[in-house]
Amino acid sequence: MDIHGQATGIDARKSDLSGSTFDDVNLSGVSHENVNLSGGKYHRITLSGSSFDDVNMSGCGFENVNMSGWRVNNANFSGMVVTDANLSGVSISDCRLDGMTIEGIDVGAMLALWKEHKA
């Protein structure tokens with residue numbers, strides 16, 4: 001099915017649209033519920049103001065991503081690798097840090113040492 005130059009809403013339910021291509025399309029305000037987007041490729045995408053709840057992004061890769069102003073709550077980042085990133089102003093609290101390293105330094109041990117010397 002081809003849809004070209006249209007300005008209409010689409011109500012797709014219980015459909016298989018795998019292999020579809022969207023190029024220069026306005027999907028702002030679109031709602032996704034129980035949707036499988038695995039293996040998708042996203043390039044030059046604007047998601048500002050979007051919200052994500054109960055999302056599995058395991059195995060995803062991000063390059064050239066602007067995440068400024070993000071808020072993350074109740075997330076599993078185990079095994080995540082961050083390189084060449086701007087982390088200025090990032091605040092981390094009430095998080096499990098076991099095994100977390102920064103420049104090869106164990107963060108848990110570093111905080112324990114800092115707390116010991118602070119007292």
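Trainee: Where does Gly 40 lie relative to strand E1?
Mentor: Gly 40 lies in the segment before strand E1, which covers 101-102. Strands here are DSSP runs of E with at least two residues, helices are runs of H or I with at least four, and both are numbered from the N terminus. This is a predicted model, in which local features need pLDDT of at least 70, side-chain atom pairs count only at pLDDT 80 or more, and totals for chains, interfaces and linings use all residues. Residues are numbered from 1 along each chain as its sequence is written, and side-chain values use heavy atoms, with hydrogens and water left out.
Trainee: Why does Gly 40 count as partly exposed?
Mentor: Because its relative accessibility is 40%; buried means under 20%, exposed over 50%, and partly exposed is in between, with a 1.4 Å probe and protein chains only.
Trainee: Switching topic, what is the order of elements?
Mentor: β-β-α from the N terminus on, with one helix and two strands in the protein.
Trainee: How does the radius of gyration compare with a compact globule?
Mentor: The protein has 20 Å, whereas a compact globule of 119 residues would have near 14 Å. That radius is taken over C-alpha atoms, and the globule rule is 2.2 Å times the number of residues to the power 0.38.
Trainee: What about the spans along the principal axes?
Mentor: The C-alpha trace spans about 65 × 25 × 20 Å.
Trainee: What share of the residues is buried?
Mentor: Buried residues make up 1% of the 119.
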